[in-house]
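Welcome! Please take a moment to look over the sequence and the model below, and then we can walk through some of its aromatic rings together.

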Amino acid sequence: FGNDLTKSELIFQTSGRWNPHKVWYTRLAPSMSEPWQAEVSTALQKASDMLKQKQELLDKRIKQQDEKEALREREFQKKRVEMEREFQTKRVEILADVEQQRQELEEEKMAMKDVHKFQSSQITLDVGGIRYKTSRSTLTKVPNTMLAAMFSGRHELIRNEDGAYFIDRDGTHFRYILNYLRDGDTSNLPTDTEVLEDLLKEADFYQIDRLSAGINYLLRPLTWNNPMSQKEVNNISSSFRGYGKVESETFTSDNGHPFTAVYYNRENNFDGHVIIDATFSGVIFSDSLSFCNSVLRNVTFRHCCFEHQPNFTKATMTNVSFQECSGLTKNMPLMTRVKHNGVTFDVPELNDKLLY
């Protein structure tokens with residue numbers, strides 16, 4: 001063994017112990033080291049490549065899983081937004097329905113309150129021997145009349161033994177007086193001239209001015225030969241201005257444009273008038289406006305505010321326009337049995353609802 005023994009001896013001499021395995025290893029190691037290292041290196045490289053492939057596959061699966069999670073999250077958020085939108089829509093609909101029911105209930109309560117008022121304030125009248133049952137609220141509904149003053153509570157009235165209030169007038173046509181106080185409508189008056197003459201006396205006695213005007217028109221209708229001029233319109237309108245105090249306010253028209261108008265605080269009664277080539281401009285009709293049985297031709301309402309329902313019952317209207325006005329969509333004009341030709345509103349829905 002030559003050199004190998006010498007190495008073994010050296011090992012033995014160095015360690016003080018004999019180790020035949022180490023001698024064999026020392027002898028064989030130089031001849032096995034290089035192939036073994038190549039094989040191990042190759043195995044390690046294969047293992048490394050395999051691990052790299054598995055890592056890439058794992059990363060790919062993780063990425064796919066993340067994309068799926070992101071997709072699910074987007075779908076979830078989309079569905080959540082859709083459900084929130086649907087919930088808000090349903091909520092608005094339910095709130096609107098509840099509000100409508102509340103308003104209907106309030107209207108019903110107000111109607112019942114009126115009924116209770118009628119029931120709790122029943123009044124029996126003896127008009128010329130004819131008995132009528134009505135209510136205090138009906139008799140005081142139209143202000144500045146004799147009946148409103150009588151039953152306002154400011155005056156002491158004497159009852160008959162049966163509890164009725166006696167009025168020394170012809171009671172034959174008093175039902176027309178009561179019907180007007182209830183409805184404010186002059187279109188249902190009788191057509192017989194003698195009856196109208198008698199009824200006019202009763203309306204004048206009870207100081208119901210608008211009813212008197214309606215009866216006067218039926219008895220003596222105006223013609224196209226005596227129309228009201230613009231100056232007369234202005235004079236009549238200015239006479240309605242309350243107590244000489246001029247109040248103005250800015251409004252938004254029904255089609256969205258601002259304008260300024262002046263308050264007219266008294267009842268605006270143009271019943272039975274003929275009005276030609278006239279303009280109502282910048283007027284706030286704070287009380288009811290009536291053109292019953294009137295003739296209007298080439299008349300313009302511009303920048304007017306209607307705080308109550310205007311009444312054009314049985315009017316004849318030719319080339320009448322409503323321009324930049326406010327309140328007409330809320331207080332739609334009463335146009336029962338109107339003869340019209342060329343009546344226009346600058347709000348299309350009013351043309352559709354009122355004229356066709």
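## Rings and their neighbours

Ring pairs join Phe280, Phe291, Phe301, Phe306, Phe312, Phe322 and Phe345 into a cluster. Please keep in mind that this is a predicted model.

How many aromatic pairs does a search of the whole structure find? The search gives 14 aromatic pairs. One of them is formed by Phe280 and Phe291, with an edge-to-face arrangement: the centres are 5.9 Å apart and the planes make an angle of 85 degrees. This pair links distant parts of the chain, 11 residues apart. Phe280 belongs to strand S7 (residues 274-281), while Phe291 sits in the loop between strand S9 (289-290) and strand S10 (295-302).

Are Phe280 and Phe291 buried or exposed? Both Phe280 and Phe291 are buried.

| Arginine | Ring | Distance from the ring centre |
|---|---|---|
| Arg169 | Phe205 | 4.1 Å |
| Arg175 | Tyr176 | 4.3 Å |

Another arginine to find in the view is Arg297, which lies in strand S10. Why is Arg297 called partly exposed? The relative accessible area of Arg297 is 34%, and the term covers values between 20% and 50%, so Arg297 counts as partly exposed.

Technical notes
Residues numbered from 1 in each chain as written. Predicted model: local features only at pLDDT ≥ 70, side-chain atom pairs only at ≥ 80, totals over all residues. Heavy atoms only, no water. Phe/Tyr/Trp six-rings, centres within 6.5 Å; stacked < 30°, edge-to-face > 60°. Helix = DSSP H or I, 4+ residues; strand = E, 2+ residues; numbered from the N terminus. Buried < 20%, exposed > 50% of the residue type's maximum accessible area, 1.4 Å probe, protein only. Lys NZ or Arg CZ within 6 Å of the ring centre and 35° of its normal.
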